[in-house]
Amino acid sequence: MTLKLVLEAEALAPFDLPDALHERYGGSFGVGRPRLVANFVSTIDGVVAIPNVPQSSQLIADGNDDDRFVMALLRAVADVIVIGSGTLHASPNSIWTSSRPYPVAQPSFAELRRRLKLSAEPDLAVATGSGDIDASHPALERGATVLTTDEGASKLRGKLPASCSISSTGPGPTVDMKRAVAFLHDSGRQRILTEAGPRIFGALVQAQLVDELFLTISPLLAGRTAGHRRPGLIDDVELLPEVRVRTRLLDLRHGATHTFFRYALDYEGRQPVG
Ligand SMILES: NC(=O)c1ccc[n+]([C@@H]2O[C@H](COP(=O)([O-])OP(=O)(O)OC[C@H]3O[C@@H](n4cnc5c(N)ncnc54)[C@H](OP(=O)(O)O)[C@@H]3O)[C@@H](O)[C@H]2O)c1
C-alpha cells in the first residue's frame, strides 16, 4: 500500500530516498537539520494516551501499518529520539530503533541512514527530572543519554548500565528543555525526533523548541470520563489564552484508514522555520 498525497502545501527539500521508501510514502520526503520534530498518533476525539494501559499508543494507532511505516521513516532520519520517563514506563519492552516498527523495510531504512551519513541507529535520550526510572529497561541496557536534573543525576549515578551517560540541565524538579536540546545539538545530534508523551511535548512547545508535528489521526474514538485522565497532545501546560502557537499544514496524506498530517509550528516572536 502507498500513502495517498492529498496536499503538499510547501515544497520541502527532499532526501535521496531508496525507491521502496519513496513508493511506500507516496512521494518525496525530507526533514531539515537542525530540526526538532514530534510524532504522535491520536484518536478522532483527541486522546493520545490511556494511563494504566501499557503501550496505549499502539491501541490508539489500531496497530496500523501505515502509522508504523511513518514512525519508522521518522526514526530512520533522526540523529536522536527523545522520550520522557512516562513513555519509558508505559513501554517496558520497547527499544527505539529505526526498523522495529516496520521490519520489512529494514534494508531500505539502513540504506537511507547510509545515504544521510548517519550512524546505524538513532541515539536514544530519556528525560527524567526525578531520576525514577527502571535501570533494567531494555532501552537503557542498549545505551541511552539520560537527560535529568542535579537531583536526578545524583540518584542515578552508578545505577545505570555502563552503556548510558547522564547529562544534568541543573536544579530540578524538571528537565530544562532548552538546555537539554542545546546539549543534544552541541553533541552533534541536530535532527531530533521526540516520541515523548504529552508532558514533555508540552514542555518542548512551551519552550518554543518544536519545529514540526507529524500527527496521525486514527479513526477510533476513545471516550473520557471526568474521573480518569486521558490526555490529548499537551498535558500539564496551558497555552491559550496567553500563548498563541499556530500550526501551518505542510503535508497531508491518507492511508486506507488513517490520516497523516505534517504541521510546522509558528511561535509569536520567533522566526518561522523555513
Ligand atoms: N499517542 C502517541 O503518539 C504517544 C506518544 C508518546 C507517548 N504516548 C503515551 O503517553 C503516555 C506517557 O505520557 P507522559 O506525558 O507521562 O510521558 P512523557 O512526556 O514521555 O514523560 C513525562 C515525564 O517526564 C519527566 N519530565 C522531565 N522533565 C520534564 C519536563 N520539563 N516537563 C514534563 N515532564 C518532564 C517527568 O517525570 P519524572 O521527572 O518523574 O521522571 C514526567 O512525568 C504513555 O501512555 C505513552 O504510551 C503516546
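In which loop is the place of Pro34? I found Pro34 in the loop between α1 (19-25) and β2, where helices (H or I, at least four residues) and strands (E, at least two) are DSSP runs numbered from the N terminus.

**Ground rules.** I noted that this is a predicted model, in which local features need pLDDT of at least 70 and side-chain atom pairs count only at pLDDT 80 or more, while totals for chains, interfaces and linings use all residues. Residues are numbered from 1 along each chain as its sequence is written, and side-chain values use heavy atoms, with hydrogens and water left out.

**Backbone.** I looked up the peptide bond between Arg33 and Pro34 and found it cis, with omega about 5°. A cis bond also joins Leu240 and Pro241, with omega about 10°, and Pro241 is in the loop between β8 (212-217) and β9. Most residues other than glycine have a negative phi, and most peptide bonds are trans. I then noted Asp62, not a glycine, with a positive phi of about 60°; Asp62 lies in the loop between α2 and α3 (65-76) and is partly exposed at 46% relative accessible area (buried is under 20%, exposed over 50%, partly exposed in between, with a 1.4 Å probe and protein chains only). Gln208, in the loop between α9 and β8, likewise has a positive phi of about 60°.

**Ligand.** I counted 25 residues around the ligand, the closest being Ser85, Thr87, Thr128, Gly129 and Ser130; a residue is near a molecule if one of its heavy atoms lies within 4 Å of it. This shell divides into 12 nonpolar, 11 polar and two charged residues, where Ala, Val, Leu, Ile, Met, Phe, Trp, Tyr, Cys and Pro count as nonpolar, Asp, Glu, Lys and Arg as charged, and the others, Gly among them, as polar. A ligand oxygen is 2.8 Å from a polar backbone atom of Gly129, and a ligand nitrogen is 2.8 Å from a backbone N or O atom of Val48.

**His258.** I placed His258 in the loop between β9 (245-254) and β10, and it counts as buried at 1% relative accessibility. Its side chain makes a polar contact with the side chain of Thr257 at 2.8 Å; such a contact is a pair of N or O atoms within 3.5 Å, and within protein one must be able to donate a hydrogen and the other to accept it, residues adjacent in sequence counting only if both atoms are side-chain atoms. A polar side-chain atom of His258 also lies 2.9 Å from the backbone oxygen of Ala61.
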